[in-house]
Amino acid sequence: MVSNVDVREELAKLGKSLPKPLYVFLQFFLTWMTGKPYRGQQPLFEPTRLYQLLTALGSLFGGAIASALIWNSSPLCYPLLLVSWAFTVGGARKIQTCINHRCVHKQFFEDGQDRWLAEILSTILLTQDREGYWYDHVKLHHHVDKFATFSHDPDAQFLWQLGFRPGLTK
């Protein structure tokens, strides 16, 4: 049995009896956790590119530093490693998939400084350098003859292998 209930709209009802600032904070938290705002929800603020970069770096380095501190502490603290690793991996993922991606499309600074930022970030993450990523992503992935074709989309091929097919319903 499939339910037509929109879970996020149901969550929007939580805390209606709270004072308005607490309700707004609760709903902001739920939106952050679920990645989906309720219908008509306004963001608390519009994050800038600099905010995105600083929070990603803070998550990466904060998680790595916390991991080192936890590792050198009591074994009772070791379960906290999972949290610190989540922050580290989350920061690295955001840097690579969001910031470096925008840099190779020349959309982060939009004034030609994207190249040096992508080089610095790829060096920090020990990932493919900017030129190699640019070639693979822009020249191969976004090539006019190959873009959005199944044979040149490893992500789509992987999802196909997992059993996901176009037109699947819930």
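Phe-61, Ile-65, Leu-69, Trp-116, Ile-120 and Ile-124 make a nonpolar surface patch of about 590 Å². Helix H3 (49–71) and helix H5 (114–125) are the elements that give two or more residues to the patch. Patch members have over 30% relative accessible area and no salt bridge, and nonpolar side chains (Val, Leu, Ile, Met, Phe, Trp, Tyr) are joined within 5 Å, while like charges are joined within 9 Å. A salt bridge here is a side-chain nitrogen of Lys or Arg within 4 Å of a carboxyl oxygen of Asp or Glu. Areas come from the Shrake-Rupley method with a 1.4 Å probe, and for residues only the protein chains shown count as cover.

Ile-65, one of the patch residues, sits in helix H3. Helices are DSSP runs (H or I, at least four residues), numbered from the N terminus. Ile-65 counts as exposed because its relative accessibility is 52%; the cut-offs are under 20% for buried, over 50% for exposed, and partly exposed in between.

## How the model was read

Residues are numbered from 1 along each chain as its sequence is written, and side-chain values use heavy atoms, with hydrogens and water left out. As this is a predicted model, local features need pLDDT of at least 70 and side-chain atom pairs count only at pLDDT 80 or more, whereas totals for chains, interfaces and linings use all residues.

In soluble globular proteins, nonpolar side chains tend to be buried together. The largest nonpolar core in this model has 12 residues in all, among them Leu-53, Leu-60, Ile-95, Cys-103, Phe-108 and Leu-125. H3, H4 and H5 are the elements that give two or more residues to this core. A core of this kind is a set of buried Ala, Val, Leu, Ile, Met, Phe, Trp, Tyr and Cys residues joined through side-chain atoms within 4.5 Å.

Leu-60 is a handy place to look at the packing. Leaving aside neighbours within four places in sequence, Leu-60 is in contact with Phe-87, Thr-88, Gly-91, Ala-92, Ile-95, Ile-124 and Leu-125, where contact means heavy atoms within 4.5 Å.

The structure holds 0 disulfides, a disulfide being a pair of cysteine sulfur atoms within 2.5 Å. For Cys-103, the nearest cysteine sulfur is that of Cys-98, 11 Å away. Cys-103 is buried because its relative accessible area is 1%, whereas Cys-77 counts as partly exposed at 29%.

## A buried glutamine

Gln-27 lies in helix H2 (residues 20–34) and counts as buried, with 1% relative accessibility. Beyond its neighbours within four places in sequence, Gln-27 is in contact with Arg-8, Leu-11, Ala-12, Leu-14, Tyr-38 and Gln-41.

## On either side of H5

Two loop residues deserve a look at their backbone angles. Lys-106, in the loop between helix H4 (81–104) and H5, has a positive phi of about 55° although it is not a glycine. Leu-126, in the loop between H5 and helix H6 (130–141), has a positive phi of about 60° and is not a glycine either. Lys-106 is exposed at 56% relative accessible area, and Leu-126 is exposed at 76%.

Within helix H5 itself you will find Arg-115, partly exposed at 43%. Not counting residues up to four places away in sequence, Arg-115 touches Arg-130 and Glu-131. The C-alpha atoms of Arg-115 and Trp-134 are separated by 9.8 Å, with the two residues 19 apart along the chain.

How values were computed
Buried < 20%, exposed > 50% of the residue type's maximum accessible area, 1.4 Å probe, protein only.
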